[in-house]
Amino acid sequence: MTTILHCLLGTYELLTFRNLSGQLSRRSVDIHFPRYQVDNPDDIQAFKSILLTFQRQMPLVQEPDLVNHWEYFYERSLGCIGTLKNWLTRALKDSLDEGSDTITLKQIQRRALSVAQCQRMFAEILEGERQLSETEADAQNLRALLGLGEDITQQPQKAQSSKRTKKVGKRKPKRDKIGVQEPDVS
């Protein structure tokens, strides 16, 4: 009634809200901001570019060399830029508090998430990504629930009969008789 658009932004935990009811599901739109994938060269290039941007924006006397350690940053941020930003912000604060000219690897490592934290977060990420993906088995299960049987979009077309190969209403190609036909008087 108010015509106000409501947006929920957050982690994969919000996915539990999207299917609380059918009405909510049909009125919702999921917009996934995925993490950068290490097996995608374009994602790795983008991740390095973002890391370079963070590196250049730090108010330090000497610019740190973060890009050379991109794998470590990817590992402990799980390819998530929000996690990376928070981590670098904490390390930058330590550097400024200590009066350093730059951020050291020791400061970065001290503020990194632990392996246990990363493993827990990664498990949640994988579950969230799984919830957002649709598999062929999911589609087949829905079709079965609806009583539709096989998925005709994935199965090869079965020939109905050799007698009818053309669509209904389409003429078969043949030579039409021409000229005036004389009536048969026999």
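Mentor: Because the model is predicted, local features need pLDDT of at least 70 and side-chain atom pairs count only at pLDDT 80 or more, while totals for chains, interfaces and linings use all residues. Residues are numbered from 1 along each chain as its sequence is written, and side-chain values use heavy atoms, with hydrogens and water left out.

Trainee: What makes the pair Arg110 and Asp94 a salt bridge?

Mentor: A salt bridge is defined as a side-chain nitrogen of Lys or Arg within 4 Å of a carboxyl oxygen of Asp or Glu. The N to O distance for Arg110 and Asp94 is 3.7 Å, so the pair meets that definition. Helices here are DSSP runs of H or I with at least four residues, numbered from the N terminus.

Trainee: Which other residue forms a salt bridge with Asp94?

Mentor: Arg111 does, with an N to O distance of 2.7 Å. The relative accessible area of Arg111 is 32%, so Arg111 is partly exposed.

Trainee: How do you know that Arg130 and Glu127 form a salt bridge, and where do they lie?

Mentor: Their closest N and O atoms are 2.7 Å apart, and both residues lie in helix H7 (residues 115-132), three residues apart, about one turn of the helix. Both are partly exposed, Arg130 because its relative accessible area is 49% and Glu127 because its value is 34%. Elsewhere, salt bridges that share partners join Asp94, Glu98, Arg110 and Arg111 into one network.

Trainee: What makes a group of residues a nonpolar core, and which members of the largest one touch the most others?

Mentor: A nonpolar core is a set of buried Ala, Val, Leu, Ile, Met, Phe, Trp, Tyr and Cys residues joined through side-chain atoms within 4.5 Å. The largest has 18 residues, of which Phe73 and Ile108 touch the most other members. The elements giving two or more residues to this core are helix H3 (41-57), helix H4 (70-77) and H5, and the largest share, five residues, comes from H5.

Trainee: How do you know that Thr102 is buried, and what does Thr102 touch?

Mentor: Thr102, in the loop between H5 and H6, has a relative accessible area of 15% and is therefore buried. Contact means heavy atoms within 4.5 Å, and, not counting residues up to four places away in sequence, Thr102 touches Leu60, Gln62, Glu63, Pro64, Ser95 and Gln107.

Trainee: Why is Leu8 called exposed?

Mentor: Leu8, found in the segment before helix H1 (15-18), has a relative accessible area of 66% and is therefore exposed.

How values were computed
Buried < 20%, exposed > 50% of the residue type's maximum accessible area, 1.4 Å probe, protein only.
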